[in-house]
Amino acid sequence: MRFIPLIIARPEVQMAIDEAILKARIEGKVEDTVRLYVFKPSSITIGRFQSIEHDVNLRKCQELNIPVVRRITGGGSVFHDAYGEITYSVVLGEEFHPDLKDIHKSYRLIAFPLVEALKELDIRAEFSGLNDIIANGKKISGSAQTRRKGIILQHGTFMYATRLDILASVLKVSKKKLADKGVKSIWERVTTLEREGIKLSRNDAYELLREKFFEEFSLEEGELTDYELELAEKLIEKRYGRDEWNFMK
C-alpha cells in the first residue's frame, strides 16, 4: 500500500484529492492508499445527504471565515480545526481483508491505527457505535465511508487539540441527538487529547498516526500521480469548488 505524506490545503482540495484517489484506484491506475492531511483554514465538511442550514451555523462560519464543503461520504457535519485536528483517509479494495465486506467490521479494521495511537498514549480507547472512537468515554474521532465498484473510501478525524468552543459555535447539534447519547451538552460528548491531559504538537500527532498506519498496513511512502492531481483539479472545478454542490438541498 502507498502512503501519501502530510498535505495541508483548503477543504475543496482535500475532498477532491480523496475522490481522485478513489477514482484512480477503481480504474486500476494506483494501489491501495493511506494519507494524512490537515484542513487550512479550519473548515467544515458535511455528509453527502446533509442539509447545511439544518446542521451548520452559516452566520458564525462567515464571521470566522470557515468554509463549508460537502463530502461524497455519508455521516454528519465535522469541524476540522487547522490547529488541532488531523484527518486520515484510506482507499482500498474490499478484497484486502474479508472483514471489509461487512460495514461495521470495515470501519473498525480501517480505523484501528487510531485506537492503537491512543492506547500508546495510555488513553482508554475503544470503538463506539458504527463509526466513532471514544477516549475515556468521550468521542475523539469519527469516520465516514463510501463504496464504489468494490473500492472503499473511508476518512475520519483525530482531534488532538480541536478548539471545542469553536466547534460548538459552528455546528448545530440537536438536543435530541445529545439526549440519544445520554448527555446534555457537546462538552460531555466530545473530547481531545489536550482535554485528556496530553499535549501534542501537530508534528507529534502526525508522526504517531503515521507510525501506527505503517504498522497496521505495511505501507511504502509514495506521492500522488499526475493523473490524480489533474483529476483533483477537475473535481474542484466541477464539484467541490461550486456552491451548487456544497449548498445543494
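The secondary structure of the protein chain consists of 10 helices and 11 strands, where helices (H or I, at least four residues) and strands (E, at least two) are DSSP runs numbered from the N terminus. The model is predicted: local features need pLDDT of at least 70 and side-chain atom pairs count only at pLDDT 80 or more, whereas totals for chains, interfaces and linings use all residues. Residues are numbered from 1 along each chain as its sequence is written, and side-chain values use heavy atoms, with hydrogens and water left out.

**Overall form**

- Along the principal axes, the C-alpha atoms fill a box of roughly 45 × 45 × 35 Å.
- Of the 249 residues, 53% are buried, meaning under 20% relative accessible area with a 1.4 Å probe, protein chains only.
- Among contacts (heavy atoms within 4.5 Å) with a separation of 6 or more, 75% join residues 24 or more positions apart.

**Helices α4 and α8**

- Helix α4 (residues 103-120) packs against helix α8 (residues 202-217) at an angle of about 130 degrees, with the axes 9 Å apart; axes are lines fitted to C-alpha atoms, for helices over the stretch in contact, and angles run from 0 to 180 degrees between N-to-C directions.
- The two helices α4 and α8 are therefore oblique to each other, a class left over once angles under 35 degrees (roughly parallel), over 145 (roughly antiparallel) and 65 to 115 (roughly perpendicular) are set aside.
- Residues in the contact include Leu-109 and Phe-112 of α4 and Leu-208 and Phe-213 of α8.

**Helices α1 and α9**

- The axes of helix α1 (residues 11-26) and helix α9 (residues 226-240) come within 8 Å and cross at roughly 125 degrees.
- This makes α1 oblique to α9.
- Among the residues that meet are Ile-17 and Ile-21 in α1 and Leu-231 and Leu-235 in α9.

**Ile-21**

- Ile-21 lies in helix α1 and counts as buried, at 1% relative accessibility.
- Leaving aside residues up to four places away in sequence, Ile-21 touches Arg-2, Val-30, Thr-33, Arg-35, Val-91, Leu-224 and Glu-228.
- Ile-21 and Val-34 are 13 residues apart in sequence, and their C-alpha atoms are 9.8 Å apart in space.

Terms used:
Buried < 20%, exposed > 50% of the residue type's maximum accessible area, 1.4 Å probe, protein only.
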